[in-house]
There are 2 protein chains.
Amino acid sequence: MAVSVRDVAAAASVSVGTVSNVLNRPDKVAPDTVARVLAAIDELGFVRNDAARQLRAGRSRSIGLVVLDVRNPFFTDVARGAEDRAAEEGMTILLGNSDENADRERSYLDLFEEQRVHGVLISPLGDDESRLQRLRRRGTPVVLVDRVSEDGGLSSVAVDDVVGGELAVRHLTGGGRRRIAFVGGPTSIRQVADRLEGARRAIAETSGAELEVIETPSLTVLDGRAAGEAIRERPAADLPDAVFAVNDLLAMGVLQAFNMMGSVRVPDDIALIGYDDIDFAAAAVVPLSSIRQPAWLIGYTAVDLLLKAAAEPDRAAEQVVFQPELVVRDSTGVATT
Amino acid sequence: MAVSVRDVAAAASVSVGTVSNVLNRPDKVAPDTVARVLAAIDELGFVRNDAARQLRAGRSRSIGLVVLDVRNPFFTDVARGAEDRAAEEGMTILLGNSDENADRERSYLDLFEEQRVHGVLISPLGDDESRLQRLRRRGTPVVLVDRVSEDGGLSSVAVDDVVGGELAVRHLTGGGRRRIAFVGGPTSIRQVADRLEGARRAIAETSGAELEVIETPSLTVLDGRAAGEAIRERPAADLPDAVFAVNDLLAMGVLQAFNMMGSVRVPDDIALIGYDDIDFAAAAVVPLSSIRQPAWLIGYTAVDLLLKAAAEPDRAAEQVVFQPELVVRDSTGVATT
DNA sequence: CCTCCTTCATGAATCGTTTCAACGATACGA
DNA sequence: TCGTATCGTTGAAACGATTCATGAAGGAGG
């Protein structure tokens, strides 16, 4: 049933070595031999067996990518960037979705290690890098995505989330807002903690400004909606005058909650800013101000780093940090009433 | 560097065969031998080489899944269902995103075939099943997802899209709407064509009802928004009184366009219904009526069929068809003015 | 005519795991 | 005491592609 190089070799009356050469270094083989082998391949319907290839090569030609949430467009954009860079080298991305769940994260790492992937890109859940360090020691390059290494032991490609948080809140205070609610969580996720830290710094530099933290269980539209509803229910005197949502998904949820009863107007009553600048953000009912991160570029660069690390195993860990950018839209605009 | 069963065997003073048995059939090995081998594995940090395993086994323990759009929550739900069923068998899902692009679809199929995946689940782009038929003839089971096989040659798990289209439009006409716009495309995608067919049938049974088809280049929020804007610009006399969007992403886009200027009220001026019933639908500014499909179950069932087909290669192709369900929310509700 | 290159092709060895026929040891029943 | 199960273990063969040392054939230069 299965057609192997051996069968192709027989059909083309050459040796298996020659078939392999046709496949991998056609220039080293006489043109008419190439043609003959190709014809045999075509006729027999030969398809390379990747497992055998990998076994021989020692490493697979895939790169594992573990993200926190596939449904977040930010991560699909990162994945796309990674895929594009990998494709340039004829490699593939294996996408794993940890869904902010430690067990799932671990099982993907185990899987990738058994697969002898070329390397692992990961947007990790907690702060424990020991598992990743071990992986790296054993010879699998690891690059942190959207997150800086705690102790600099691992390479990373990230955006400065503290600066991002500062940008967001400074924009709000600059627009005259003073009672700011930070919506996001869990704070065990580094990105959340950093953006909060940035928010605090921006608050500290404005007299009279205060920050209220509303922690959410995770970073989805539904959590945002719940948070938004909780805010909406408050007595008017208790309302914040601005909300900084730690990502756009949450922000969209908050916006939906505010809009639902028409009770809270954005930006008139409450200004709203998100983070990530996903496509949906611009297309929201009230176009959403946000902090843009170069998602595609992050993925692209991460693979780049990974390939370099794979080529020179002794290379020191390298940190690439991009700067976030404020994108102003209606949701933090001048009151339109 | 690399630790193999051979090293483990040496460290535990047993044969390689025994190590393999400990890994795969621990009950066939004496308890203290198991312990000794496990200790050696742990000490040496042995990790199975999946490539070698696969090579020996002839097939990988992964299942390839090609979807039209990873960003569509419907497909991530399908993927999740597939993943859950696969996990029950200790298998893995390889997720490929064709992005409605034939080249990408083809390259994923090639990749999966080289990987000797256990089978392929695919939500195919066009109507050409020959590539898939060939794959199947060569021994890789194929199951169509969210789509019925043209000639019954391939197994499939789908939802009756014609019925779904009928349900949607009948609901609109039942609410008194007569000038209905169908938004969706390209019609080369079977799901789109079928839902349109259903819409036409429902129109035919209502006197005075008419259907206008507004074709979109693809099925994204942005396309929906563009279509919505085009409708909004029309003179009032030319407006439809209902829109059936072929999926929720489009519907959300249409809704955003309608809301943006406040010029078109949903459902007062125009009723709107989508398809898929994604989470966002319920959470939209105007909660969206939609046609629910059992996404998770589709994925789960598809893997189930695949596994059966893999177990008995001569099994006849099997078609599973689920029925769609109408979910009524505000967007088609009674006018609230 | 001989030597030295270059170009092509060969086929055995290799990667790491699993499988399976075979075997030694121990126990059991007759 | 002698078969005969049963249990645990062994080690070689196999999976299929790639690599690489080896060598054959042909051409150029002297």
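Q: What rotation and what shift along its axis superpose chain B on chain A?
A: In this predicted model, chain B is superposed on chain A by a rotation of 180 degrees with 0.0 Å of shift along the axis, and the RMSD is 0.1 Å. The two copies are thus related as by a two-fold rotation axis. Among the residues of chain B, the one that comes closest to this axis is Ala51(B), whose C-alpha lies at 2.4 Å.

Q: Why can the copies be said to meet through the same surface?
A: Of the interface residues of chain B, 100% are also interface residues in chain A, so the copies meet through the same surface. The contact takes 36 residues from chain B and 36 residues from chain A. On the side of chain B that touches chain A, the elements that each supply at least two residues include helix H4 (50-57), helix H5 (73-88), strand E2 (92-97) and helix H6 (102-114) of chain B. H4(B) gives the largest share of that side, five residues, and by class the side of chain B divides into 16 nonpolar, eleven polar and nine charged residues.

Q: Which residues are the closest to DNA strand C, and how many surround it?
A: DNA strand C is surrounded by 26 residues, of which the closest are Gly17(A) and Thr33(A) together with Ser4(B), Val5(B) and Ala52(B). Two or more residues come from each of helix H2 (16-24) and helix H4 (50-57) of chain A, and likewise from helix H1 (5-12), helix H2 (16-24) and H4 of chain B. The largest share of this surface, five residues, belongs to H2(B), and its classes are eleven nonpolar, ten polar and five charged residues.

Q: Why are H1(B) and H2(B) called roughly perpendicular?
A: The axes of H1(B) and H2(B) come within 8 Å and cross at roughly 100 degrees. Angles of 65 to 115 degrees count as roughly perpendicular, and H1(B) and H2(B) are therefore roughly perpendicular to each other. In their contact, Val5(B), Arg6(B), Val8(B) and Ala9(B) of H1(B) meet Val16(B), Thr18(B), Val19(B) and Ser20(B) of H2(B), and these residues divide into five nonpolar, two polar and one charged.

Q: What makes E2 and E11 of chain B edge strands?
A: The open sheet in chain B has six strands in the order E2-E1-E3-E4-E5-E11, with parallel pairing. In this sheet E2 and strand E11 (319-322) each pair on one side only, and they are the edge strands. From one strand to the next, the twist averages 15 degrees.

Q: How do you know that E1(B) pairs with E3(B)?
A: Pairing requires at least two bridges between two strands, and strand E1 (residues 62-67) of chain B is joined to strand E3 (residues 119-122) of chain B by four bridges, the two strands running parallel.

Q: What order do the strands of the four-stranded sheet in chain A have?
A: The order of this open sheet is E7-E6-E8-E9, with parallel pairing, and the edge strands, each pairing on one side only, are strand E7 (210-215) and strand E9 (271-273) of chain A. The twist averages 20 degrees from one strand to the next. Six bridges join strand E6 (residues 179-184) of chain A to E7(A), and the two run parallel; Val183(A) has Ile214(A) in E7(A) as its bridge partner. Helix H11 (residues 248-260) of chain A packs on the sheet, where it touches E6, strand E8 (242-245) and E9 of chain A, and its direction makes about 145 degrees with that of E8(A).

Conventions: Residues are numbered from 1 along each chain as its sequence is written. Chains are lettered from A and ligands numbered from 1 in the order in which they are written. This is a predicted model: local features need pLDDT of at least 70, side-chain atom pairs count only at pLDDT 80 or more; totals for chains, interfaces and linings use all residues. Copies are superposed by least squares on the C-alpha atoms of residues with pLDDT of at least 70 in both. Two residues are in contact if their C-beta atoms, placed from the backbone, lie within 7 Å. Ala, Val, Leu, Ile, Met, Phe, Trp, Tyr, Cys and Pro count as nonpolar, Asp, Glu, Lys and Arg as charged, and the others, Gly among them, as polar. A residue is near a molecule or strand if its C-beta atom, placed from the backbone, lies within 6 Å of it. Axes are lines fitted to C-alpha atoms, for helices over the stretch in contact, and angles run from 0 to 180 degrees between N-to-C directions. Angles under 35 degrees count as roughly parallel, over 145 as roughly antiparallel, 65 to 115 as roughly perpendicular and the rest as oblique.
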